[in-house]
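Please keep the sequence and the coordinates in view while reading.

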Amino acid sequence: SSGINAEYGDKRGVLTKLERGIKVKIFDFKNRFLSQYFKHLHAHSSTDTSTAGVVLDPIPDADVMLSFGQRWDDRRPIEKTLIWAKVIHMKARQLILDFTQMFPPPPPISNEDCIQFSESDPYDRLADAFSLAL
């Protein structure tokens with residue numbers, strides 16, 4: 001089987017082949033998740049201006065995706081594999097939900113907030129012609 005395994009990759013989303021018959025820790029709540037979570041929580045709750053404008057790492061994931069009996073690669077979504085599973089650490093999931101309630105993401109930009117362009121009309125074409133003549 002293979003899967004996204006944060007414990008063995010240097011960055012999020014690294015695919016790792018898991019060997020049959022070998023024990024592998026696929027989720028380390030105490031040492032990996034909690035340290036990343038508290039670092040993220042401190043950065044968001046700190047009133048220290050040294051973190052202002054700094055792009056933070058995304059909040060850590062509480063789930064691990066696994067694929068069985070078929071190689072899973074970056075070019076194909078996991079939903080296209082024959083057998084796959086999503087393992088969710090429920091305590092970690094609850095901490096993430098608590099975090100998003102304390103620090104909700106900014107609201108999405110609506111179309112009303114964006115610059116809107118109108119279609120060109122005869123007056124626009126006349127102004128373009130006039131500016132080209134000068």
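Tyr 37 is buried, with a relative accessible area of 3%; buried here means under 20% relative accessible area, exposed over 50%, and partly exposed in between, with a 1.4 Å probe and protein chains only. The model is predicted, so local features need pLDDT of at least 70 and side-chain atom pairs count only at pLDDT 80 or more, while totals for chains, interfaces and linings use all residues. Residues are numbered from 1 along each chain as its sequence is written, and side-chain values use heavy atoms, with hydrogens and water left out.

Which rings pair with one another? Rings of Phe, Tyr and Trp (its six-membered ring) pair if their centres lie within 6.5 Å; planes under 30 degrees apart count as stacked, over 60 as edge-to-face and the rest as tilted. By this rule there are six aromatic pairs. One of them joins Tyr 37 and Phe 99, which are edge-to-face because their ring centres are 6.2 Å apart and their planes stand at 70°. This pair links distant parts of the chain, since Tyr 37 lies in helix α1 (residues 29-45) and Phe 99 in helix α2 (residues 90-102), 62 residues apart. Helices (H or I, at least four residues) and strands (E, at least two) are DSSP runs, numbered from the N terminus.

Phe 99 is likewise buried, with a relative accessible area of 5%. Phe 99 also forms a tilted pair with Phe 103, at 5.2 Å centre to centre and 45° between the planes. Phe 103 counts as partly exposed because its relative accessibility is 24%. Ring pairs join these residues into a cluster that comprises Phe 27, Phe 29, Phe 33, Tyr 37, Phe 38, Phe 99 and Phe 103.

At the N-terminal end, Asp 28 caps α1, with a side-chain oxygen 3.1 Å from the backbone nitrogen of Asn 31.

Strand β3 (residues 63-68) is largely enclosed by the rest of the structure, because five of its six residues are buried. Six bridges join β3 to strand β4 (residues 83-88), and the two run antiparallel; two strands pair if DSSP finds at least two bridges between them. Within this pairing, Met 65 has Lys 86 of β4 as its bridge partner. Asp 63 lies in β3 and touches Phe 27, Lys 86, Val 87, Ile 88 and Arg 93, not counting residues up to four places away in sequence; contact means heavy atoms within 4.5 Å. Asp 63 and Phe 27 are 36 residues apart in sequence and 8.1 Å apart in space, C-alpha to C-alpha.

At 1.5 Å a residue, α3 should span 16 Å, which agrees with the 17 Å between its end C-alpha atoms; the expected span is 1.5 Å times one less than the number of residues.

Taken as a whole, the protein has three helices and four strands, arranged along the sequence as β-β-α-β-β-α-α. Buried residues make up 22% of its 134 residues. Among contacts between residues at least 6 apart in sequence, 51% join residues at least 24 apart.

Methods. A polar contact is a pair of N or O atoms within 3.5 Å; within protein, one must be able to donate a hydrogen and the other to accept it, and residues adjacent in sequence count only if both atoms are side-chain atoms.
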